[in-house]
Amino acid sequence: MTRPARRMLQITGASVAALLALSACSSSSDSSDASGSSATSSGSSSPKPSGTVTVFAAASLKESFTALGKQFEKEHPGTEVSFNFGGSDSLAASITGGAPADVFAAASPKTMKIVSDAGDTAAAPTTFVRNQLEIATLPGNPDKIASLKDLTRSGLKVVLCDKTVPCGAAAQKALKASNLTLTPASYEQDVKSALTKVELKEADAAVVYKTDVKAAGDKVQGVEFPESAKAVNDYPIALLKNAPSAEAAKAFIDLVKSAEGQEVLTEAGFLKP
């Protein structure tokens, strides 16, 4: 082979090697970019919960949800959980009326349906706990109340939740199942108001939830009655449409339904769904 030909072959070989090296670097760079892009995309698919989560919840959930709210804030620094507790029917009316909220936890499917039928839920509601009625009497049960029928005795001042709220509807169902008629001293707008009447000794007894009797401690005494098994309330929870803090709201709902959240609710006296 002539010297010029050999020289040309060396130059060509070097050029090919350089091109191969450049191609490998380019491929590696593209792969790295794609990997970085994928990681960024994956990281952005689960935003970190932030902001204020506004929860409208049935009055009977006050103690347990307050505890879960504090737990949520601790697990997600930078978040805040704001609660509006009350009668489920009033809360539903506020939501359908345009009140800004992220989560609704109702004491009955009927009141949740008011909100979902209005198109104000972002997803189908799910039942997360159940609750059963109990009679709350004065400490020591001085009137010796032992059954639902005893509440119909003359001279007893008994308080019920309003028929439009879940605890009141459940009480009416239990009375009907027992073929009993009861005219209360007053109808209260939520279960906490009914219980307060007994705590303040303004009533001799009230038909409330087991969870409320437990939360009241020694301020009242609970009396179970078998008819309550025929009037157990399911509690649904749902993310609301146009929730201002949707991601944080979803995370709060996840906590409520988690094993950790269920433990808090069970300790408060709620039944598992």
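## The disulfide

A disulfide is a pair of cysteine sulfur atoms within 2.5 Å. Searching the whole structure turns up 1 disulfide, and it joins Cys161 to Cys167 with an S to S distance of 1.9 Å. The angle about the S-S bond is -115°, and the link of Cys161 and Cys167 is left-handed. Both ends can be described with one set of cut-offs: a residue is buried under 20% relative accessible area, exposed over 50% and partly exposed in between, using a 1.4 Å probe and protein chains only. Cys161 is buried at 1%, and Cys167 is buried at 3%.

## About the model

This is a predicted model, where local features need pLDDT of at least 70 and side-chain atom pairs count only at pLDDT 80 or more, while totals for chains, interfaces and linings use all residues. Residues are numbered from 1 along each chain as its sequence is written, and side-chain values use heavy atoms, with hydrogens and water left out.

## Aromatic pairs

Let's turn to the rings. Rings of Phe, Tyr and Trp (its six-membered ring) pair if their centres lie within 6.5 Å; planes under 30 degrees apart count as stacked, over 60 as edge-to-face and the rest as tilted. The whole structure holds 9 aromatic pairs. In one of them, Tyr209 and Tyr235 have ring centres 6.1 Å apart and planes at 65°, so this pair is edge-to-face. It links distant parts of the chain, 26 residues apart: Tyr209 is in strand β8 (residues 205-209) and Tyr235 in strand β10 (residues 233-239). Strands (E, at least two residues) and helices (H or I, at least four) are DSSP runs, numbered from the N terminus.

Tyr209 is buried at 2% relative accessibility, and Tyr235 is buried at 0%. Ring pairs also tie these two tyrosines into a cluster with Phe65, Phe72, Phe83, Phe85, Phe128, Phe252 and Phe270.

## Nonpolar cores

A nonpolar core is a set of buried Ala, Val, Leu, Ile, Met, Phe, Trp, Tyr and Cys residues joined through side-chain atoms within 4.5 Å. The largest one has 65 residues, and those with the most contacts inside it include Phe65, Phe128, Tyr235 and Phe252. Helix α8 (residues 246-257) gives the most to this core, with 7 residues. A second, separate core has 11 residues, among them Ala92 and Phe104.

## Helices α2 and α8

The axes here are lines fitted to C-alpha atoms, for helices over the stretch in contact, with angles running from 0 to 180 degrees between N-to-C directions. For helix α2 (residues 62-75) and α8, the axes come within 10 Å and cross at roughly 120°. The two helices are therefore oblique to each other, given that angles under 35 degrees count as roughly parallel, over 145 as roughly antiparallel, 65 to 115 as roughly perpendicular and the rest as oblique.

Finally, Ser88 lies in helix α3 (residues 88-96) and is buried, with a relative accessible area of 2%. Ser88 and Ala57 are 31 residues apart in sequence and 7.2 Å apart in space, C-alpha to C-alpha.
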